[in-house]
Amino acid sequence: MKDKEQIRQGLKDNPKLKRWIDFLIMNQRDARPRWYVRLLAPLYQHRGRGSKIYWSVRMDTPPYRQFSLGKNSVIESYCCINNAVGDVVIGDSTRIGIHNTIIGPVTIGNHVNLAQGITVTALNHNFKDSTKRIDEQGISTSPVTIGDDVWIGANAVILSGVTIGCHVVVAAGAVVTKDVPDNCVVGGVPARELSK
C-alpha cells in the first residue's frame with residue numbers, strides 16, 4: 001500500500017509523465033481504459049469467491065485505482081463501474097442491480113441491495129468560473145459510503161459526499177444529497193427521513 005502511494009505521489013510530482021501514462025491506459029475520447037488494459041483486468045481487479053460480473057457490464061477500471069468485489073456479490077447486466085477517479089469497493093453478498101452506474105470513490109458494505117437504474121456518484125464537474133467552459137474546469141470528488149444491510153430502490157440517485165448508515169431503506173426515485181443515519185427510511189427529492 002505504501003509503495004502504491006509513493007508511485008501516485010511520484011506521478012503527481014511529474015505531470016508530464018502522468019499525462020503520458022494516462023494516455024497509454026485511458027482512451028481520452030471514450031473516457032475508459034484502452035482495450036489492451038481491459039484484457040488484463042482479471043489480473044488487477046479483486047473478485048471474491050462466488051462473485052459474478054455479467055458480461056454486459058462496462059468495467060471502466062484502470063489499474064491505478066482499486067476495484068474490489070466481495071464474495072458472493074453480483075453486478076448485474078448493463079451496469080457501469082468506474083474507478084478512474086477513486087476506488088470502488090463492494091462488500092460481501094451485495095447485489096448491484098441492472099443498469100446501475102457507480103463512479104468512485106465509493107465504498108458499499110455487505111448485504112446491500114441496489115435495485116435497477118441507480119446512480120451512485122462521488123464525482124462532480126466544476127462550474128464556478130463563468131469565463132471558462134465547464135469541460136475546462138476539471139472535476140472534484142467526495143467519497144460516498146453505503147453501510148451494511150441497505151436497500152436502495154429503483155432509480156435513486158446518491159450524490160457525492162453522502163454517507164448512508166446501516167439498515168437503511170432509500171425509496172425508489174429518491175435523490176440523496178446529505179448523510180442518512182442508521183435504521184431509517186428516506187425518500188423524496190431531495191431525500192428526507194420518512195420513518196425510523
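This briefing describes an open sheet of strands and the salt bridges of one structure. The model is predicted, and within it eight strands form an open sheet of mixed pairing, in the order S4-S7-S10-S13-S18-S21-S23-S24. A search of the whole structure also finds four salt bridges.

**The sheet**

- Strand S4 (52-53) and strand S24 (192-195) stand at the edges, and because each has a single partner strand, one side of each is left without a neighbour in the sheet.
- Strand S18 (residues 151-152) pairs in the parallel sense with strand S21 (residues 169-170) over two bridges, and Trp151 has Val169 in S21 as its bridge partner.
- Strand S23 (residues 185-187) and S24 run antiparallel and are joined by three bridges, with Gly187 standing opposite Arg192 in S24.
- The hairpin of S23 and S24 has four residues between the strands, and in this hairpin Gly188 takes a positive phi near 105°.

**The salt bridges**

- Asp60 and Arg58 meet through their side chains in a salt bridge of 2.8 Å, N to O; Asp60 counts as buried at 2% relative accessibility, whereas Arg58 is partly exposed at 31%.
- Glu76 and Arg95 form a salt bridge whose closest N and O atoms are 2.5 Å apart, and this pair links distant parts of the chain, 19 residues apart, with Glu76 in the loop between strands S7 and S8 and Arg95 in strand S10.
- Glu76 counts as buried at 15% relative accessibility, while Arg95 is partly exposed at 35%.
- Glu136 forms a salt bridge with Arg133, with the closest N and O atoms 3.5 Å apart, and salt bridges that share partners join Arg133, Asp135 and Glu136 into one network.
- Glu136 is partly exposed at 44% relative accessibility, and Arg133 is exposed at 51%.

Note on methods:
Residues are numbered from 1 along each chain as its sequence is written. This is a predicted model: local features need pLDDT of at least 70, side-chain atom pairs count only at pLDDT 80 or more; totals for chains, interfaces and linings use all residues. Side-chain values use heavy atoms; hydrogens and water are left out. Two strands pair if DSSP finds at least two bridges between them. Buried means under 20% relative accessible area, exposed over 50%, partly exposed in between (1.4 Å probe, protein chains only).
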